[in-house]
Amino acid sequence: MHLSTHNWMRAEPLETTLRRIKKFGYESIEISGEPEQYKTKETRALLKEHGIRCWGAVTLMLGERNLAAKNQGQRERSVQYVKDVLTMVSELDGEIITLVPATVGKVVPDGTEEEEWKWVVDATRECFTHAKKVGVKIAVEPLNRFETYLFNRGAQALALADAVSPECGVCLDAYHIHMEEFNVYDAIRKVGKRLFDFHVADNNRFAAGLGQIDWPKIVATLKEVGYDGALTNEFVAPVDRTPAAPYPEMVERHPVDISPEQLKFIQDHGSSVLTEKFYTDQMRITAETLLPLIK
């Protein structure tokens, strides 16, 4: 196992992120799933310069992106988006994309269970065909019920992976599984060898170590099933706007170059644009919590 991180949680130059995470012992990055933001030749050079490899990317299912949409055109555009993310990861020598099939924040279905299952299976199969072509693995990620109605538990993600191919896998996220699973350790065991990726944030979605999750037991269970991939940092710190705020200086008060869609995506997660100091501290705390457990 090794320590990785997403970078969608804060709008900043990639070079800033890489310099920071290298200092704390991170080995790789799951780059934000926005292919138009990254010129792969320049990004490859930047990764090499800082000694950080691309582990993969996560699909940012915001706006109209939805593999389970009723509208065929919308599904086709969503499939093309996923293909573009896969191509980007391939060009960055990455290994995996974490696939969230449906729009994050959408909690009302477009059709019957049978209709949606067919739509999402067919769309994911098309994405998987492209993944095989470019040499990148797909891991289906379930989210909690407040972010999606469609896939909330590992068993559901595994059912989609099974319907696509034995070579399609699953990504579990410590924050989500502690909300939705009957037993988080059994959930990891059930996915077993099909576990291709694992995301980390504590039960309050602050950095690992700032909540109630038993990280030694989580890491021990991952070792038990033979998991040897990334532990990818994905804290989305909730913003407290009251006098009770434990971190009153966490929100960036100066203008930041971030698209309205990405800002909305972060705000819909209960967070905001974070200051560099607060963000850096969260990265450090995750590393200090997890590195001793995986080395």
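Helix α5, which spans residues 154–164, lies across β5 (137–140) and β6 (169–173), and runs at about 160 degrees to β6. The model described here is a predicted one.

The strands that α5 lies across, β5 and β6, belong to a barrel that eight strands close in the order β1-β2-β3-β4-β5-β6-β7-β8, with parallel pairing. From one strand to the next, the twist averages 30 degrees. Another helix, α1, packs on the sheet, where α1 touches β1 and β2, and its direction makes about 155 degrees with that of β2.

| Helix | Strands involved | Angle |
|---|---|---|
| α1 (14–24) | touches β1 and β2 | about 155 degrees with β2 |
| α5 (residues 154–164) | lies across β5 (137–140) and β6 (169–173) | about 160 degrees to β6 |

Is glutamate 12 buried or exposed? Glutamate 12 counts as buried because its relative accessible area is 16%, and buried means under 20%. The side chain of glutamate 12 makes a polar contact, at 2.6 Å, with the side chain of arginine 10. When residues up to four places away in sequence are not counted, glutamate 12 touches Thr17, Arg20 and Tyr279.

How values were computed
Residues are numbered from 1 along each chain as its sequence is written. This is a predicted model: local features need pLDDT of at least 70, side-chain atom pairs count only at pLDDT 80 or more; totals for chains, interfaces and linings use all residues. Side-chain values use heavy atoms; hydrogens and water are left out. Helices (H or I, at least four residues) and strands (E, at least two) are DSSP runs, numbered from the N terminus. Buried means under 20% relative accessible area, exposed over 50%, partly exposed in between (1.4 Å probe, protein chains only). A polar contact is a pair of N or O atoms within 3.5 Å; within protein, one must be able to donate a hydrogen and the other to accept it, and residues adjacent in sequence count only if both atoms are side-chain atoms. Contact means heavy atoms within 4.5 Å. Two strands pair if DSSP finds at least two bridges between them. Axes are lines fitted to C-alpha atoms, for helices over the stretch in contact, and angles run from 0 to 180 degrees between N-to-C directions.
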